[in-house]
Amino acid sequence: VAFHLEPYPGRSAVSVREDVAYLMQLYGNSTCLYRRNGLPVYYVYDSYHVKPQDWASVLTKEGSNSLRGTAFDGFFIALWLSQRDNVDILQGGFDGCYTYFASEAVSWGASRRNWPQMANWAKTHNLLFVPSVGPGYDDSHIRPWNSDATTPRDNGTLYERAWSAAVASGAKVVSITSYNEWGEGTQIEPARLSVRSDETSYEDYASDTTQYMRLTSKWAKKLQESVSRVYDTLVDGEL
């Protein structure tokens with residue numbers, strides 16, 4: 001389990017430090033936590049709303065409220081939304097960056113054609129790049145004004161294209177948006193066609209209720225193979 005830190009009124013770098021301390025006091029000893037470099041992982045959604053110098057006070061060793069080297073240290077992954085967010089991510093002291101959105105129309109970072117460039121930049125600066133893949137996107141029932149972001153599932157083809165681009169970027173980790181975010185039409189959990197109370201329906205999985213779980217398994221294996229090949233190449237090069 002990794003933590004996804006959502007924004008809230010008054011959120012600041014210092015309040016996030018307090019949130020992390022609270023989470024670690026409750027769950028820090030859990031064997032269920034996903035860790036990188038021995039540290040619990042935190043995805044910091046909408047991180048760009050906090051100034052990078054404020055994040056640096058918490059996420060750099062020299063920061064006045066630094067978490068680094070304490071019992072509450074973690075692996076912090078910022079949201080890379082616009083093209084120049086990388087400057088703030090680096091200055092803020094984050095360990096990595098992710099793209100979150102399942103629709104390419106939402107942000108520069110969500111556009112798959114930018115992932116190789118983003119991955120190369122992250123590698124150069126010793127950061128983890130985490131592209132986010134999704135099966136489609138449709139939040140028109142909760143955000144009627146956002147119809148331009150709607151992206152049809154195309155019977156699983158979109159999901160496979162997103163995964164293919166993520167693996168091709170050289171990413172070591174891929175995040176999925178989402179398992180069950182039905183309001184935005186990004187769910188991959190097993191499901192069958194159902195009609196809403198307003199007599200409209202979610203986009204169908206056709207006749208295969210586990211389609212996206214099977215595709216996830218397929219591409220997770222491809223990602224693992226890709227990462228293993230890179231590791232083998234590095235070892236051979238060192239030898």
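Colleague: How do the residues of the lining of the second largest pocket divide into nonpolar, polar and charged?

Modeller: They divide into 11 nonpolar, six polar and two charged residues. Here Ala, Val, Leu, Ile, Met, Phe, Trp, Tyr, Cys and Pro count as nonpolar, Asp, Glu, Lys and Arg as charged, and the others, Gly among them, as polar. Please note that this is a predicted model, in which local features need pLDDT of at least 70, side-chain atom pairs count only at pLDDT 80 or more, and totals for chains, interfaces and linings use all residues. Residues are numbered from 1 along each chain as its sequence is written, and side-chain values use heavy atoms, with hydrogens and water left out.

Colleague: What makes Y100 count as buried?

Modeller: Buried means under 20% relative accessible area, exposed over 50%, and partly exposed in between, with a 1.4 Å probe and protein chains only. Y100 has 13% relative accessibility and therefore counts as buried. Y100 is found in the loop between β5 (96–98) and α4, where strands (E, at least two residues) and helices (H or I, at least four) are DSSP runs numbered from the N terminus. Its phi is positive, about 65°, although Y100 is not a glycine.

Colleague: Why is D154 called partly exposed?

Modeller: The relative accessibility of D154 is 45%, so it counts as partly exposed. D154 lies in the loop between β7 (132–133) and α5 (157–168), and its phi is also positive, near 55°, in a residue other than glycine. Most residues other than glycine have a negative phi.

Colleague: How do you know that α2 is mostly covered?

Modeller: Six of its eight residues are buried, namely P52, W55, A56, S57, V58 and L59. What covers these buried residues includes α1, β3, β4 and α3 (85–92), with contact taken as heavy atoms within 4.5 Å.

Colleague: What span does helix α1 reach from its first C-alpha to its last, and what is expected?

Modeller: Helix α1 (residues 13–27) has 15 residues and reaches 21 Å, close to the 21 Å expected at 1.5 Å a residue. The expected span is 1.5 Å times one less than the number of residues. Among the buried residues of α1 are V16, V20 and L23. The buried residues of α1 pack against β1 (3–5), β3 (39–44), α2 (52–59) and β4 (75–79).

Colleague: Which residues does a cis peptide bond join?

Modeller: It joins T177 and S178, with omega about 10°. S178 lies in the loop between β8 and α6.
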